[in-house]
Amino acid sequence: GINAEYGPVFLSSGSIFVSAVGLLVYLIRIQELNWMGIVNIILFIIAATLTICRIIQLLNKLGAVEVEFYKNNRSCFRLAHIVGSTIIGLTLVVFVVLLHLKRKEKLEEAEMLTAAGFGAAQIAAIKDQISKTIIEYQVLLSIGAVGGIVNSAVSCCCHSDEE
């Protein structure tokens, strides 16, 4: 059936695309480029490249294009998806945890502002802003992580994505 044949390719294409979009939005939203941002640029390039590969594969499968290079190197592409997507997924999971720790640290720093003469309402507003910003980053990176993990899982389990 069409679902059994195309399902895995649509799922993996969509998931890696979503991963790339999550990373891109994160990169647009961050205010400063630190080491985490630089690593995320690299992850975005990997996700975008894998997305392009999936689109070529999908067009190939649908018969829209004949890509000899793709057909002759299926196992290499599959390995690239498994390795690339696993790297994206695991790295982003680590970053989400690191951001959680950073949020706790920043909130504790905000508590110290009373010594600097900030009022309770000002501190509450600052803490709220810290939480909103970091949680937004965590959500975007979680989306990226899930997309990477799903693409990796589909690449591992479904050989139909090789045809």
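In this predicted model, Ala47 is in contact with Ile16, Ser19, Ala20, Leu23 and Ile88, leaving aside residues up to four places away in sequence. Ala47 is also among the members of the largest nonpolar core that touch the most other members. Two aromatic pairs are found in a search of the whole structure.

**Nonpolar core**

- The largest nonpolar core has 22 residues, and those touching the most other members are Leu23, Tyr26, Ala47, Ile88, Leu92, Leu99 and Leu141.
- At least two residues of this core come from each of α1 (2-29), α2 (35-61), α4 (74-111) and α5 (120-157).
- Helix α4 provides the largest share, with seven residues.

**Aromatic pair Tyr26–Tyr137**

- The ring centres of Tyr26 and Tyr137 lie 5.3 Å apart with the planes at 80 degrees, so this pair is edge-to-face.
- Tyr26 belongs to helix α1 and Tyr137 to helix α5, and the pair links these distant parts of the chain, 111 residues apart.
- Both Tyr26 and Tyr137 are buried.

**Aromatic pair Trp35–Phe95**

- Trp35 and Phe95 have ring centres 5.6 Å apart and planes at 80 degrees; the angle is over 60 degrees, so the pair counts as edge-to-face.
- Because Trp35 is in helix α2 and Phe95 in helix α4, the pair ties together parts 60 residues apart in sequence.
- Trp35 has a relative accessible area of 51% and is therefore exposed, the cut-off being over 50%.
- Phe95, at 4% relative accessibility, is buried, since that class covers values under 20%.

Methods:
Residues numbered from 1 in each chain as written. Predicted model: local features only at pLDDT ≥ 70, side-chain atom pairs only at ≥ 80, totals over all residues. Heavy atoms only, no water. Core = buried A, V, L, I, M, F, W, Y, C linked by side-chain atoms within 4.5 Å. Buried < 20%, exposed > 50% of the residue type's maximum accessible area, 1.4 Å probe, protein only. Helix = DSSP H or I, 4+ residues; strand = E, 2+ residues; numbered from the N terminus. Contact = heavy atoms within 4.5 Å. Phe/Tyr/Trp six-rings, centres within 6.5 Å; stacked < 30°, edge-to-face > 60°.
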